[in-house]
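Subject: Structure handover

Hello,

Please open it first and then read the notes below it.

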Amino acid sequence: MRRSPAAPGLVLVLVACSIGGCEGPSPPTESASVPLAEVTLATTVTSDGSVAVVEARLATTGAVPLVISPSEGLAVDAQGAPTTALEARDYRAFATVRTTGAKLFVRHVRPDGARTTEIDLPPPFVVVAEERSSRRAPLALSWEPNEAEPVTIEARSSCSTQPLTRRLERDRGEYAFAPGDFGGDGSCTIVVRVSRSRSSRGPNASTTATQLRTVTVETTP
Amino acid sequence: MRAVLPLVALVACSDVPSPLSSEIASRDVRIALRLAGTPTGTRATGTVTSPAADMRLVEGDRLVLQTSTTTLPLPLDKSSFSLDFPAYGGEVRVALARPDGRGRDVEAKARLSEPFVVEAPRAARLSAPIEIRWSGARDATTTVAVTGACVTTQRRALAFDSGSYVFVAGELERRDVAAPCVATATVEKASGAATQTTTATFEVGP
């Protein structure tokens, strides 16, 4: 049996437009037009142990993303670093801070009030791996284990067809990629990123803090 | 707008008879073939379609499945076929064999890896490395997976098939379900639309 292929979708569109009307999206809302009490702050911090990258987003309490107005006072304080203002770009604001500390404070200051969000990074760690290895042997990694926040491991290279991601249910402080995980005939560089994240959510603020370590391994077949 | 809706609905719901294969030129026939092999048997499934989506085989048009050892008739149900035959490795050809004067035969081929064996450890512990081994040629893309009630499902698409894969200590462990349980190791060798799959079950303890 044959069925007209495009008609059901067309019917849905026609019905939807006849009931609700077909209009374009509403324009974005600037954060300055929303009272502070109705604004939520989502902060993401990623640290490599010496530099922390801070990203902030503002939204309404109804989860509508807000364009960050230039007048918003967003700044970050961290151990051993001067107060650093976040630079707004549309819906996001960024700052890079040199710090070895595990605690940061993001301040949101306005004429109608101020808020401070405290961000606790997971404990720092060091990843140990061979600088050079054969891909016919396991690629072994080790670090300081932490049961509270297990690590995620990601390996990227030209000798695997796609990024390899491992999320360990239980952190034993070690992992080894198997020889079968990597192919290829020539030498290749494998970049391994080991991360450990911690998230929290409050009524007007949410945070995600990540410790990220990167090691590079030169490999031969 | 209101006048258009019934018309559109009528077009959407109208059925027309499937065309006869004798009315369709060979160049317009498409055969899609999928093969799923295990050590106990092979299943060939697929479709034979024309530009109008499906068709009825009539007047001398025959659908057959050929391996290196046998030729079997393939029943076509609307546009779909499905046939089970013994465990097999090698090329499989599905062809629409046409009588003289109706154009060339139409075919689809797929190559299935040879059936193989999977070995899992007899008394595995989640706190120790677990090695899965398998046999057979390395002529396809190999995927190895382990599942089980007390196991965190892990699946690996291998870039290099060395005939074994080691899951490291703790990699298969689950926080919420304690061992022991029965786990299943599945190794699949895929080549295009053909997959040869073998499983092995084994006990895992903590």
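A residue counts as lining a cavity if it has an atom within 4 Å of a point of that cavity, and a cavity is a set of grid points where a 1.4 Å probe fits but cannot get out. Keep in mind that this is a predicted model.

Cavities

Two cavities of 30 Å³ or more turn up in a search of the whole structure. The largest cavity holds about 40 Å³ of space. Its lining draws on chain A through A:L168, A:R170, A:R172, A:E174 and A:Y175, and on chain B through B:V168, B:A169, B:G170 and B:E171. By class, the lining of the largest cavity has four nonpolar residues, one polar residue and four charged residues.

The second largest cavity has about 30 Å³ of space. Among the residues that line the second largest cavity are A:S133, A:R135, A:P138, A:F177, A:F182 and A:T219. Six residues of this lining are nonpolar, three are polar and one is charged.

The largest pocket

What is the volume of the largest pocket? It is about 230 Å³. From chain A, the lining of the largest pocket takes A:Q162, A:P163, A:L164, A:T165, A:R166, A:R167 and A:D181, and from chain B it takes B:Q154, B:R155, B:R156, B:A157 and B:E171. Strand β15 of chain A and strand β12 of chain B each give at least two residues to this lining. The lining of the largest pocket divides into three nonpolar, three polar and six charged residues. B:E171 is named in the lining of the largest pocket and also in that of the largest cavity.

Disulfides

Over all chains, the structure has two disulfides. One of them joins A:C159 to A:C188, with an S to S distance of 2.1 Å. A:C159 is in the loop between β14 (152-157) and β15 (164-167) of chain A, while A:C188 is in strand β17 (residues 188-201) of chain A, so the link ties together parts that are 29 residues apart in sequence. A:C159 and A:C188 are both buried.

The disulfide in chain B joins B:C150 to B:C181, again with S to S at 2.1 Å. This link is left-handed, with -80° about the S-S bond. It connects distant parts of the chain: B:C150 sits in the loop between β11 (141-148) and β12 (154-157) of chain B, and B:C181 in strand β14 (residues 181-191) of chain B, 31 residues away. Are B:C150 and B:C181 buried or exposed? Buried means under 20% relative accessible area. B:C150 has a relative accessible area of 1%, so B:C150 is buried. B:C181 has 12% relative accessibility and therefore counts as buried.

Aromatic rings

The search finds four aromatic pairs over all chains. The ring centres of A:Y175 and A:F177 are 5.2 Å apart and their planes lie at 80°, so this pair is edge-to-face. Both A:Y175 and A:F177 are buried. Ring pairs join A:Y175, A:F177 and A:F182 into a cluster.

Another ring, that of A:F125, has the charged end of A:R196 over it, 4.8 Å from the ring centre. A:R213 also lies over the face of A:F125, at 5.0 Å from the ring centre.

Regards

Methods
Residues numbered from 1 in each chain as written. Chains lettered and ligands numbered in written order. Predicted model: local features only at pLDDT ≥ 70, side-chain atom pairs only at ≥ 80, totals over all residues. Heavy atoms only, no water. 1 Å grid on protein atoms, 1.4 Å probe; cavity = no way out; pocket = protein on both sides within 12 Å on 5 of 7 lines; lining within 4 Å. Points joined across faces, edges and corners; volume = space filled by probe spheres on them. Nonpolar A, V, L, I, M, F, W, Y, C, P; charged D, E, K, R; others polar. Disulfide = S-S within 2.5 Å. Helix = DSSP H or I, 4+ residues; strand = E, 2+ residues; numbered from the N terminus. Buried < 20%, exposed > 50% of the residue type's maximum accessible area, 1.4 Å probe, protein only. Phe/Tyr/Trp six-rings, centres within 6.5 Å; stacked < 30°, edge-to-face > 60°. Lys NZ or Arg CZ within 6 Å of the ring centre and 35° of its normal.
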